[in-house]
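Dear colleague,

I am handing over a structure for your attention, with the sequence and coordinates shown directly below. A summary of the findings follows.

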Amino acid sequence: MRFKGKISKWFYGIMIFAAVILIPLVILAIKDEKMLVMVVVLGAFALIETFCFSIIFHNFVELNEDSLLIAFGFVKVHILYSDIEKISETKDSSSALAASFDRVKIQTKNGKIVMISLYNKQEFYKEMQKKNADIRII
C-alpha cells in the first residue's frame, strides 16, 4: 500500500523564490558577459529546481511485506516494522523527509527518528498497526 507525501505551499514558494532571485542574476551575468558567474548561478538554480521537482514527483511512503519504504526525492529509507517503537504527530520544523510541517514522527527502538508528511495519516496509522500491533500510536 502506498501513501502520498504531503507538500505544503511554502515548499512551492522555495522553488518560486529561487527562480525570482536566480534567473535575473543569470540574465545580468549574460548581459555583462560574465560567463563564469552565469554558469555558477545557472548551475545552482538547476540543482535547487531539480532537487525540488524530484520531491514533488517522488514523495511517498510504501508499506511492503516486512518494512516501510520512505521515498523523498532522491532519498530512500527502509525501516523494518519490527524496529518501529512509536509513531506520533508533530509540527517539528527540524530536518525531515517532509515537505510540510504537518508531520508524522517515526521513532525506532534504537532511538532513530524519521519525520514524514502524509495526506492520509489516519489510514497510515491503521495500516501500520496491522503490520505490527506493538507499535504505539501517540
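Please note that this is a predicted model. The strands concerned are β5, covering residues 84-90, and β6, covering residues 103-108, and they pair in the antiparallel sense over six bridges. Ile87 has Ile106 as its bridge partner in β6, and Ile137 as its bridge partner in β8. Strands β5 and β8 run parallel and are joined by two bridges.

These strands belong to an open sheet of four strands, in the order β7-β6-β5-β8, whose pairing is mixed. Its edge strands are β7 (113-116) and β8 (136-137), each of which pairs on one side only. Helix α3, residues 121-131, packs on this sheet and touches β5, β6, β7 and β8. The direction of α3 makes about 170 degrees with that of β5.

There is also an open sheet of four strands in the order β1-β2-β3-β4, with antiparallel pairing. Strands β1 (2-4) and β4 (75-80) stand at its edges with a single partner strand each, so one side of each has no neighbour in the sheet. On average, neighbouring strands here are turned by 15 degrees against each other, direction ignored. Within this sheet, β2 (residues 59-63) and β3 (residues 67-72) pair in the antiparallel sense over five bridges, and Glu62 stands opposite Leu69 in β3. Helix α3 packs on this sheet as well, touching β1, β2 and β3, and its direction makes about 30 degrees with that of β2.

The remaining findings concern two helices. In general, a packed pair is described by the angle and the distance between the two axes. For α1 (residues 9-31) and α2 (residues 35-57), the axes come within 9 Å and cross at roughly 160 degrees. With angles over 145 degrees counted as roughly antiparallel, α1 and α2 are therefore roughly antiparallel to each other. The crossing of α1 past α2 is left-handed.

The residues of α1 that meet α2 include Phe11, Met15, Leu22 and Ile30. On the α2 side, the contact includes Val37, Phe45, Glu49, Cys52 and Ile56. By class, this contact of α1 with α2 has 23 nonpolar residues, one charged residue and no polar ones.

Yours sincerely

Note on methods: Residues are numbered from 1 along each chain as its sequence is written. This is a predicted model: local features need pLDDT of at least 70, side-chain atom pairs count only at pLDDT 80 or more; totals for chains, interfaces and linings use all residues. Side-chain values use heavy atoms; hydrogens and water are left out. Two strands pair if DSSP finds at least two bridges between them. Contact means heavy atoms within 4.5 Å. Axes are lines fitted to C-alpha atoms, for helices over the stretch in contact, and angles run from 0 to 180 degrees between N-to-C directions. Angles under 35 degrees count as roughly parallel, over 145 as roughly antiparallel, 65 to 115 as roughly perpendicular and the rest as oblique. A crossing is left-handed if the near helix is turned anticlockwise from the far one by less than a right angle, and right-handed if clockwise. Ala, Val, Leu, Ile, Met, Phe, Trp, Tyr, Cys and Pro count as nonpolar, Asp, Glu, Lys and Arg as charged, and the others, Gly among them, as polar.
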